[in-house]
Amino acid sequence: MEFAELCKQEGIIFIGPPSSAIRDMGIKSTSKSIMAAAGVPVVEGYHGEDQSDRCLREHAGRIGYPVMIKAVRGGGGKGMRIVRSEEEFQEQLESARREAKKSFNDDAMLIEKFVDMPRHVEVQVFGDYHGNAVYLFERDCSIQRRHQKIIEEAPGPGINSDVRKKLGEAAVRAAKAVNYVGAGTVEFIMDSKHNFYFMEMNTRLQVEHPVTEMITGTDLVEWQLRIAAGEKIPLSQEEITLQGHAFEARIYAEDPDNNFMPGAGPLVHLSTPQADLCTRIETGVRQGDEVSVHYDPMIAKLVVWAADRQAALMKLRYSLRQYNIVGLHTNIDFLLSLSGHPEFEAGNVHTDFIPQHRKELWPSRKATAKELLCQAALGLILKEKAMSDVFKIQSQDRYSPFASSSGRRLNTCYTRNITLRDGKKNVAVAVTYNLDGSYSMQIQDKTFQVLGDLCNEGDCTYVKCSVNGVASKTKLIILENTIYLFSMLLPEQYGGGGSLVEW
């Protein structure tokens, strides 16, 4: 707010809303009062100046538990607590105040009725200096962990045209109530009956704006520049049409198995899907870069579009399998599990989706499929053979029969024992080199017939192989004593998004 005001005083054009709008929308209690006066639905609550413990507790009792305690200047889930009974009110209030003071240097609180298992639905709005304002439909951002979004989509699943129109019109009223200029997002919570209530307004272009661009065919950054230059909004409300469906998945350096703990480290290997008109990869890193502890651990935003939700969801999962990272923990496999959950596929999303479906999203780790272990053993053997061939070429006597260590034997079959470590379990693989160049691999009581070779595509190495007649092509990365395999097969098949074994 202060920066926008200073720009105005110095005659510098600030690409964004007036400082008054930033101020009014930045204070939750003020914004609630303005929205209620503008006819925008708001959740019942207390947004007053009396911040005494007694006053806040009395209003919580009047509203009725469960209630939400929120920092007036909060954001990103900080300074926010759910209170389900009067007995825990004081403890949660003090906890929220401490976090708000640390994060925002302001421990003022508001109390709201808590909507159980709500959806987080937000509307993209634009205003100009000529008094015009439009909405560009809604985004559903309900899939969250630690109150932070990880998958967004547009339009919201299951929202009919009537509710969509009401959402958009309410968002425009909110924008006009503060004379809004530029890009903004009006955020609502929505209950199971599609009743919606104003939550807050973000006075900027948000991280998830690409899904809106994909379904409207617009360039919202260009719109910001045009409006800041004094032009009118490029399209009227009637000219803004909704086409298809889009998803955005946020790819983070974090460990979902450890409460999504942020991570840091080198991007030893990084390969992404091919970007095109229906696939956007918004990132600021490349292979060899380091994810630092000093910045947000988001590696990229993967955005996809298709003609309908089902097709867009299939494209999202296909693209996630092509996003391969080695060097640190990421949430890619978790995003695959999440986007493949039957309830997510059905569009039954809400902000408690992840904790509600925790057992299905974090299934007990199963042993790696034996077919995949065969691929790992084959990849290791072929890589060793390739290195041996290089050594033979570089040696002085390159034609010496002793320069090769491929294991081939004339008129006999040679068996080599390889031990792979699958998680905490050692797995013995007995590899027999057959006279025809194929391999027989025995794992426990089962034998697999394996044939294949390595191929290079760009900077990537693949194992093209057949295991018991089933052909596959799997990306192979070997670093130190670990074999990384990235397969396009579904997780319930034997590849998954990414697997690793050690030897």
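Q: Helices (H or I, at least four residues) and strands (E, at least two) are DSSP runs here, numbered from the N terminus. Which helix does glutamate 213 lie in?
A: Glutamate 213 lies in helix α7, residues 209–216. The model is predicted, so local features need pLDDT of at least 70 and side-chain atom pairs count only at pLDDT 80 or more, while totals for chains, interfaces and linings use all residues. Residues are numbered from 1 along each chain as its sequence is written, and side-chain values use heavy atoms, with hydrogens and water left out.

Q: Is glutamate 213 buried or exposed?
A: Glutamate 213 is buried, at a relative accessible area of 7%. Buried means under 20% relative accessible area, exposed means over 50%, and partly exposed is in between, with a 1.4 Å probe and protein chains only.

Q: What is glutamate 213 in contact with, leaving aside neighbours within four places in sequence?
A: Thr218, Asp219, Leu220, Val221 and Arg280 are in contact with glutamate 213 once those neighbours are left aside. Contact means heavy atoms within 4.5 Å.

Q: Other helices. How do α9 and α10 pack?
A: Helix α9 (residues 309–321) packs with helix α10 (residues 332–339) at about 160 degrees, and their axes are 10 Å apart. The axes are lines fitted to C-alpha atoms, for helices over the stretch in contact, and angles run from 0 to 180 degrees between N-to-C directions. α9 and α10 are therefore roughly antiparallel to each other; angles over 145 degrees count as roughly antiparallel, under 35 as roughly parallel, 65 to 115 as roughly perpendicular and the rest as oblique.

Q: Left-handed or right-handed crossing for α9 and α10, and which residues make the contact?
A: The crossing of α9 and α10 is left-handed, which means the near helix is turned anticlockwise from the far one by less than a right angle; clockwise would be right-handed. On α9 the contact is made by Leu313, Leu316, Arg317, Leu320 and Arg321, and on α10 by Ile332, Leu335, Leu336 and Ser339. These residues divide into six nonpolar, one polar and two charged. Ala, Val, Leu, Ile, Met, Phe, Trp, Tyr, Cys and Pro count as nonpolar, Asp, Glu, Lys and Arg as charged, and the others, Gly among them, as polar.

Q: Sheets next. What is the strand order in the open sheet of four strands?
A: The order is β1-β4-β2-β3, with antiparallel pairing. Two strands pair if DSSP finds at least two bridges between them. β1 (45–46) and β3 (78–83) stand at the edges with a single partner strand each, so one side of each has no neighbour in the sheet.

Q: Which helix packs on that sheet?
A: Helix α5 (residues 89–104) packs on the sheet and touches β2, β3 and β4; its direction makes about 170 degrees with that of β3.

Q: How many bridges between β2 and β4?
A: Strand β2 (residues 67–75) and strand β4 (residues 109–113) pair in the antiparallel sense over five bridges. Methionine 68 has glutamate 112 in β4 as its bridge partner.

Q: Where does β6 sit, and what does it pair with?
A: In strand β6 (residues 133–145), 13 of the 13 residues are buried, so β6 is largely enclosed by the rest of the structure. β6 pairs with strand β5 (residues 119–127) in the antiparallel sense over six bridges, and phenylalanine 126 stands opposite valine 134 in β6. Four bridges also join β6 to strand β7 (residues 148–154), again antiparallel. There, arginine 145 has glutamine 148 in β7 as its bridge partner.

Q: What about phi in the two hairpins?
A: The hairpin of β5 and β6 has five residues between the strands, and glycine 131 takes a positive phi near 85 degrees. The hairpin of β6 and β7 has two residues between the strands, and arginine 146 in the turn has a positive phi of about 55 degrees.

Q: Where else is phi positive in a residue that is not a glycine?
A: Histidine 194, at about 65 degrees, and glutamate 480, at about 55 degrees. Histidine 194 is in the loop between β8 (182–190) and β9 and is partly exposed, at 22% relative accessible area. Glutamate 480 is in the loop between β24 (470–479) and β25 (482–486) and is exposed, at 77%.

Q: Last topic: which peptide bonds are cis?
A: Among them are tyrosine 65 to proline 66, with omega near 0 degrees, and alanine 154 to proline 155, with omega near -5 degrees. Proline 66 lies in the loop between α4 (53–63) and β2, and proline 155 in the loop between β7 and α6 (161–177).
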